Amino acid sequence: MLSARFTADGSFSLHSDSFAESFHSSDGALEEANSKFVLPAQLDRFPGGRDLRVLDVCFGLGYNTAALMSALPNAGGPSLQCWGLELDRSPLRLALAEPTFQALWPRHVVACLEALSAEGCWQDSDRQQSVQMLWGDARQQLQNLPKDLQLDLILLDAFSPGKCPQLWSEEFLQSLASLLAPGGRLLTYCRAAAVRNSLRHAGLELRSLLPKAGEKSGWSSGTVALCSKDRDQTPPEMGPCWCGLSVMEEEHLQTRAGVPYRDPSGTDVAASILKRRQQEQALSHRSSTSAWQRKWGLLRQA
């Protein structure tokens, strides 16, 4: 069951009783889409005349794709090709029924979201933009993306790893990483050590999203994972809203919190994945996460 919520910036969101988790931070659904996905995407890297290929994992209400589309120039921008992965059609439908949600977006973005809800696809030949929904389990729907696709951006916005480990497993993250073009970026609100380790094991360079002043997260607001394959230079250490991982964050990866979620078959339910990880953590010789928290004075933030 889904229930309506309005976040601190006035934007509409939802709470899932099934996952016992809200779709967005209470600080603001729109603010979250812009600060954690649009800003670190650095859309000005994509000039007119070239393709911008995006995968929105856990499309939900559509905030991340809508915010990205809204940030692109009205004319002369890149040719957008976007794919959305989503299990549940209800969040987008409920969002479109809320007038304040529709009022957030330019007309063509609302038209896109309405078409996706009704038909699963949208195309604007004048703007050179297209969006295609793939409804169902994201682990299987990855197989239905175009062959040899290389993505510039992956927006990963699943429910938290403790609630939805299926979409944070080492295997799923490796599959996502393999889709990135050289210079591509995977962007997520998640700072979990298990997720960061899996992204690093997949060959991506890690950066930490800088929290805003007063943000409850304190030491990191999320993760930017950069693809450097086939490139001679190292990805930038600093960006408009990120920096390299601190010593504290690197030590976090070495604790038991860094044990990855594993889903070898790509079909396991959440309970099985969580149990497998708990068993691996119990046998691990890694240092405890609580010891790391005490060292860095984080117990009050945990």
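This is a predicted model: local features need pLDDT of at least 70, side-chain atom pairs count only at pLDDT 80 or more; totals for chains, interfaces and linings use all residues.
Residues are numbered from 1 along each chain as its sequence is written, and side-chain values use heavy atoms, with hydrogens and water left out.

Let's begin with the sheet. Helices (H or I, at least four residues) and strands (E, at least two) are DSSP runs, numbered from the N terminus. Strand E2 (residues 12-16) is joined to E3 by two bridges, and Ser16 stands opposite Glu21 in E3.

Next comes helix H1 (residues 29-41). Its 13 residues should span 18 Å at 1.5 Å a residue, and the end C-alpha atoms are 17 Å apart, which agrees; the expected span is 1.5 Å times one less than the number of residues. H1 also has a kink of about 30 degrees centred on Ser35, where the bend is the angle between axes fitted to the seven residues ending there and the seven starting there. Among the buried residues of H1 are Ala29, Glu32, Ala33, Lys36 and Phe37. Buried means under 20% relative accessible area, exposed over 50%, and partly exposed in between (1.4 Å probe, protein chains only). After H1 comes Gln42, with a positive phi near 50 degrees.

Now for the rings. Across the whole structure, a search finds eight aromatic pairs. Rings of Phe, Tyr and Trp (its six-membered ring) pair if their centres lie within 6.5 Å; planes under 30 degrees apart count as stacked, over 60 as edge-to-face and the rest as tilted. Tyr63 and Trp105 make an edge-to-face pair, 5.7 Å centre to centre with 70 degrees between the planes. Tyr63 lies in helix H2 (residues 63-71) and Trp105 in the loop between helix H4 (99-102) and helix H5 (107-119), so the pair ties together parts 42 residues apart in sequence. Both Tyr63 and Trp105 are buried. Trp168 and Tyr189 are also edge-to-face, at 5.9 Å and 90 degrees. Finally, Phe19, Phe23 and Phe159 form one aromatic cluster.

Notes:
Two strands pair if DSSP finds at least two bridges between them.
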